[in-house]
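Work through the exercises below with the sequence and the model in view. Try each task before reading its solution.

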Amino acid sequence: MGPAIRHLYTYEMDASKTSVWKKFISWCDSQEKYRIGWMIVTITLHGCVLTIFTMFAVILAGNHFIFWPFIIGAMGITLFTNLVAMPTKITILVFFISVLVDLMIIISCIAIGFDASGTRI
């Protein structure tokens, strides 16, 4: 005796539709052979350029203390993921998130307004 209900239709998922997240992760996995280059780029770009610009924006905006832990944390987490030799899918993702944090800080400082009087000792 067969089953009482027979399925007439089958559902097949279209394999050509992949999410942006999966495309990003697969691209990050393909960058594994360039791990040393990504390490150089993330530490140099973030540590020597972006963190300096972010600190300059915070100082010109009145040197509000609330921004400093985020600046240190963004740079620290980027450095940490490189020093512990995480896979590139984590290193690149953390780098992009820390760049977004720094850009949000810079945008917040622009919204507050720059004032050079906050730079006096």
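**Exercise 1: A ring pair**

Task: Is F95 buried or exposed, and how is its ring placed against that of F96?

Solution: F95 has a relative accessible area of 5%, so F95 is buried (buried is under 20%, exposed over 50%, partly exposed in between, with a 1.4 Å probe and protein chains only). F96, at 35%, is partly exposed. Next, take the ring pair (rings of Phe, Tyr and Trp, the last by its six-membered ring, pair if their centres lie within 6.5 Å; planes under 30 degrees apart are stacked, over 60 edge-to-face, the rest tilted). The ring centres of F95 and F96 are 5.8 Å apart and the planes stand at 40 degrees, so this pair is tilted. The structure has 5 aromatic pairs. Ring pairs join F95 and F96 with W21, F24, W27 and W38 in a cluster.

A note on the model: it is predicted, and local features need pLDDT of at least 70, side-chain atom pairs pLDDT 80 or more, while totals for chains, interfaces and linings use all residues. Residues are numbered from 1 along each chain as its sequence is written, and side-chain values use heavy atoms, without hydrogens and water.

**Exercise 2: The core**

Solution: A nonpolar core is a set of buried Ala, Val, Leu, Ile, Met, Phe, Trp, Tyr and Cys residues joined through side-chain atoms within 4.5 Å. The largest one has 9 residues: A57, V58, A61, F67, W68, I71, I105, I106 and C109. Helices are DSSP runs of H or I with at least four residues, and strands are runs of E with at least two, numbered from the N terminus. The protein has 4 helices and 0 strands. Now look at W68: beyond its neighbours within four places in sequence, W68 is in contact with M55, V58, I59 and N63 (contact means heavy atoms within 4.5 Å).

**Exercise 3: A salt bridge**

Task: Which residue forms a salt bridge with E32?

Solution: A salt bridge needs a side-chain nitrogen of Lys or Arg within 4 Å of a carboxyl oxygen of Asp or Glu. E32 pairs with R35, and their closest N and O atoms are 2.2 Å apart. By this rule, the count is 1 salt bridge. E32 is partly exposed at 28% relative accessible area, and R35 is partly exposed at 29%.
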